[in-house]
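I opened my notebook to look up a few things in this model. I started with the rings, then went on to helices and confidence.

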Amino acid sequence: MPDPRSGLPALGITLFRPGPDQVERVLAQAAAGGATVIAFDNGGLAAGDAGRLVRAGVILLSEGHNVGIAAALNRIAASARDAGAETLLLLDQDAEPPGDLAAGLLAALGELRRAAIRAAVVGPAPAPAAGHKAPAYPRRPGVPDQGVLASVQFLATSGSLIDLAAFDRIGPFRADFFIDGVELEWCFRAWSLGYGCYCARDVGIPHRVGGGVIRAFGIAMPRQPLFRMATYLRNAVYAWRLPHVPLRWKLAQAAYLPLQAGLYWADSGWRPSVLLRLLAAARDGALGRLGAPRDLPQNLPQDLP
């Protein structure tokens, strides 16, 4: 266990059916030394690879099945606190962070603290990866930037540095969201409690979401499996019920979600089964029927939104 006074963040990585290259990446991060490395096996990690990670000093967590990204991140955060860490750098199994990512984000968090700004999370600017749409982080209205640190409504979890003391006060990620919209809801909750979310524009990390890009009418969105699109739609509709989600965001989503659903349906070849699944997802969101998607497959990678 590292000395918590060192200021190093714990490194948290979620795993789902990782390939050999992804396991090697985690082993390399553990071999770099200094920080506690915590991995959560959300299913599919081979026993031999699990043994290699443990022997390399990785704290390996698992529930024996896919519990969703939110529950996995909550377990990682609790383990990081137990290890004495004050901050937690989150990555997914596909992330290839630059060598200066942790140092850059720690410096950004320190700058905010010196300015007496309470920050929940600081993350890098999303860099495009070939064949994928990089996420966009809308600015937080009425909150000024701090130099190269932009105040944003939310950040993707992968690549972000969380202040664990702030996490304790804000509360855990919503496990009933399971996977999509997890970081969005948490960041809106953070803002409502007086904790900001900031993007370090001088630090970048490539992001890969989905299996390509759907483009039409000036709109670009990730091409994802149907269960992912349905879960995203369900959670977004449910978020209209949450008082800490800003009205301006709800109104924008009310206009944008039907367009996204329509583009996804068109991209599927106008299949009636796809439309019915999306309509059922919107109904589930309106009725508050959350949790693991009923059509969750067991053989698809769980990349972060």
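**Entry 1: rings.** I noted the rule for aromatic pairs before counting: rings of Phe, Tyr and Trp (its six-membered ring) pair if their centres lie within 6.5 Å, and planes under 30 degrees apart count as stacked, over 60 as edge-to-face and the rest as tilted. The structure, by that rule, holds ten aromatic pairs. I looked up one of them. The ring centres of Phe173 and Trp186 are 5.2 Å apart and the planes stand at 40°, so this pair is tilted. Where do Phe173 and Trp186 sit? Phe173 is in the loop between α5 (164–170) and α6 (182–192), and Trp186 is in helix α6. They are 13 residues apart, and the pair links distant parts of the chain. Helices here are DSSP runs (H or I, at least four residues), numbered from the N terminus.

**Entry 2: the source.** I wrote down that this is a predicted model, in which local features need pLDDT of at least 70, side-chain atom pairs count only at pLDDT 80 or more, and totals for chains, interfaces and linings use all residues. Residues are numbered from 1 along each chain as its sequence is written, and side-chain values use heavy atoms, with hydrogens and water left out.

**Entry 3: confidence.** I checked pLDDT, the predictor's confidence in each residue, from 0 to 100. The chain averages 91, and 92% of the residues score at least 70. Residues 1–5 fall below 50, and this stretch has seven contacts beyond near neighbours in sequence. A contact means heavy atoms within 4.5 Å. Residues 299–305 also stay under 50, yet the model has 32 contacts for them beyond four places in sequence.

**Entry 4: α7 and α8.** I compared helix directions using axes, which are lines fitted to C-alpha atoms over the stretch in contact, with angles from 0 to 180 degrees between N-to-C directions. Angles under 35 degrees count as roughly parallel, over 145 as roughly antiparallel, 65 to 115 as roughly perpendicular and the rest as oblique. The axes of α7 (residues 226–238) and α8 (residues 247–267) come within 11 Å and cross at roughly 165°. The two helices are therefore roughly antiparallel. On α7 the contact includes Leu226 and Met229, and on α8 it includes Gln253 and Leu257. I sorted the contact residues: nine are nonpolar, two polar and none charged. For this sorting, Ala, Val, Leu, Ile, Met, Phe, Trp, Tyr, Cys and Pro count as nonpolar, Asp, Glu, Lys and Arg as charged, and the others, Gly among them, as polar.

**Entry 5: α8 and α9.** I moved along to α9 (residues 272–287), whose axis comes within 9 Å of that of α8 and crosses at roughly 155°. These helices, too, are therefore roughly antiparallel. Ala261, Tyr264 and Trp265 of α8 meet Pro272, Val274, Leu275 and Leu278 of α9. The contact has seven nonpolar residues, no polar and no charged.

**Entry 6: α1 and α2.** Are α1 and α2 roughly parallel or antiparallel? Their axes cross at roughly 10° and come within 10 Å. They are therefore roughly parallel. The contact residues divide into four nonpolar, no polar and three charged.

**Entry 7: His244.** I found His244 in the loop between α7 and α8. It touches Glu185, Phe188, Arg189 and Ser192, not counting residues up to four places away in sequence.
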